[in-house]
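Hi everyone, thanks for making time this morning. I'd like to walk you through one structure, starting with where its chains meet and then moving inside them.

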2 protein chains.
Amino acid sequence: MVDAAKIRLAVERYVATVGSGTSAEIAALFSEHATLEDPVGSEPLVGRVAIEKFYAALDSVKTSTELRTVRVAGDSAAFVFRVVTVTADKVIAIEPIDVMTFDADARITSMRAFWSVVDVQAA
Amino acid sequence: MVDAAKIRLAVERYVATVGSGTSAEIAALFSEHATLEDPVGSEPLVGRVAIEKFYAALDSVKTSTELRTVRVAGDSAAFVFRVVTVTADKVIAIEPIDVMTFDADARITSMRAFWSVVDVQAA
């Protein structure tokens, strides 16, 4: 099993990469057959190709992120983070709670994001 | 499907009841065959009887709780809350991130608590 310190680092790297990386760099943090359910309740995406496509929406906007709270348990982590997105005509902020599982190399094997439209704020 | 407002209320009620209710009152918030995995990575408990026994540890200590952050998505919620427990010789605080699913009556059908010993603080 992957240790807690490695999981914590993987969470920090994910949040930092969402803030300043490309969709390809974000997708590289996931295992090949990882699943992504964002928001929870939507149809999960499967596989790194679909996951890179999902994050491609971030490639054309300026994003900054900040990790708030992380809890590691077993091979999983839950964490609160803030994402601020700057588009041509507005700035929006959201603080999802994400749950992830990790493989032995601390690659993300699943991600589920808890948030809804009521959590999207003008920043 | 249960609506988001009912889920939010159910989370508030759970946190309040952990703070001031009995184990029987907490267990009553769960559906009959609910599962509880606390912390994540441990063997899940199944059913309201086992769940009441789990919370019975709280019946002999003074506990206070505070809800910090709630995110509702689909039939699920993730939330950060603070639990302060006062025993004969010490006061400890922990802020887990819990994930719950709910049935149509907003009863808890599953609970998973993300925390580990490193998150337990002297308060």
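Let me begin with a term: I'll say salt bridge when a side-chain nitrogen of Lys or Arg sits within 4 Å of a carboxyl oxygen of Asp or Glu. With that rule, two salt bridges turn up across the interface of chain A and chain B. Please keep in mind that this is a predicted model.

Now, which elements of chain A give two or more residues to the side that touches chain B? They are strand S3 (62-73), strand S4 (76-86) and strand S6 (97-102). Sorted by class, that side of chain A has 14 nonpolar, four polar and four charged residues.

How many residues take part in the contact? Chain A brings 22 residues, and chain B brings 22 residues too. The size of an interface is often given as the accessible area lost when the parts come together. Here, the area buried between chain A and chain B is about 1600 Å², with carbon and sulfur atoms giving 66% of it. Three residues deserve a mention: Arg71(A), Ile97(A) and Phe114(A) supply 37% of what chain A buries against chain B, more than any other three residues.

Let's stay with Arg71(A) for a moment. You'll find Arg71(A) in strand S3 of chain A. Is Arg71(A) buried or exposed? Arg71(A) is buried, because its relative accessible area is 12% and the cut-off for buried is under 20%. Its side chain reaches over to chain B, where the backbone oxygen of Glu95(B) is at 2.5 Å. Setting aside neighbours within four places in sequence, the residues in contact with Arg71(A) include Ser76(A) and Ala77(A) from its own chain, and Pro96(B), Ile97(B), Phe114(B), Trp115(B) and Asp119(B) from the other.

Over in chain B, Arg71(B) has a salt bridge of its own to show you. The side chains of Arg71(B) and Asp119(A) meet at 3.6 Å, N to O. Both partners are tucked away: Arg71(B) counts as buried at 12% relative accessibility, and Asp119(A) counts as buried at 8%.

Side chains of opposite charge can pair when their charged atoms come close. Over all chains, the count comes to 14 salt bridges. One of them is between Arg107(A) and Asp105(A), with the closest N and O atoms 3.2 Å apart. Where do these two stand on accessibility? Arg107(A) is partly exposed at 32%, while Asp105(A) is exposed at 55%.

Another example is in chain B, where Glu95(B) and Arg82(B) meet at 3.0 Å, N to O. Glu95(B) is buried at 18%, whereas Arg82(B) is partly exposed at 26%. In chain A, there is a network of salt bridges that links Glu66(A), Arg68(A), Arg82(A) and Glu95(A).

Finally, the aromatic residues. The count is 14 aromatic pairs over all chains. Take Tyr14(A) and Phe30(A): their pair is edge-to-face, at 6.3 Å centre to centre with 80 degrees between the planes. Why does this pair tie together separate parts of chain A? Because Tyr14(A) lies in helix H1 (residues 4-20) and Phe30(A) in strand S1 (residues 30-37), the pair joins parts that are 16 residues apart in sequence. Tyr14(A) is buried at 2% relative accessibility, and Phe30(A) is buried at 0%.

In chain B, the rings of Tyr14(B) and Phe79(B) have centres 6.2 Å apart and planes at 70 degrees, so that pair is edge-to-face. This one links helix H1 of chain B, through Tyr14(B), with strand S4 of chain B, through Phe79(B), and the two residues are 65 residues apart. Tyr14(B) is buried at 2%, and Phe79(B) is buried at 0%.

Back in chain A, which residues form one aromatic cluster? The members are Tyr14(A), Phe30(A), Phe54(A), Tyr55(A), Phe79(A) and Phe81(A).

Key:
Residues are numbered from 1 along each chain as its sequence is written. Chains are lettered from A and ligands numbered from 1 in the order in which they are written. Side-chain values use heavy atoms; hydrogens and water are left out. Contact means heavy atoms within 4.5 Å. Buried area is the accessible area (1.4 Å probe) that two parts lose on being put together, summed over both. Helices (H or I, at least four residues) and strands (E, at least two) are DSSP runs, numbered from the N terminus. Ala, Val, Leu, Ile, Met, Phe, Trp, Tyr, Cys and Pro count as nonpolar, Asp, Glu, Lys and Arg as charged, and the others, Gly among them, as polar. Rings of Phe, Tyr and Trp (its six-membered ring) pair if their centres lie within 6.5 Å; planes under 30 degrees apart count as stacked, over 60 as edge-to-face and the rest as tilted. Buried means under 20% relative accessible area, exposed over 50%, partly exposed in between (1.4 Å probe, protein chains only). A polar contact is a pair of N or O atoms within 3.5 Å; within protein, one must be able to donate a hydrogen and the other to accept it, and residues adjacent in sequence count only if both atoms are side-chain atoms.
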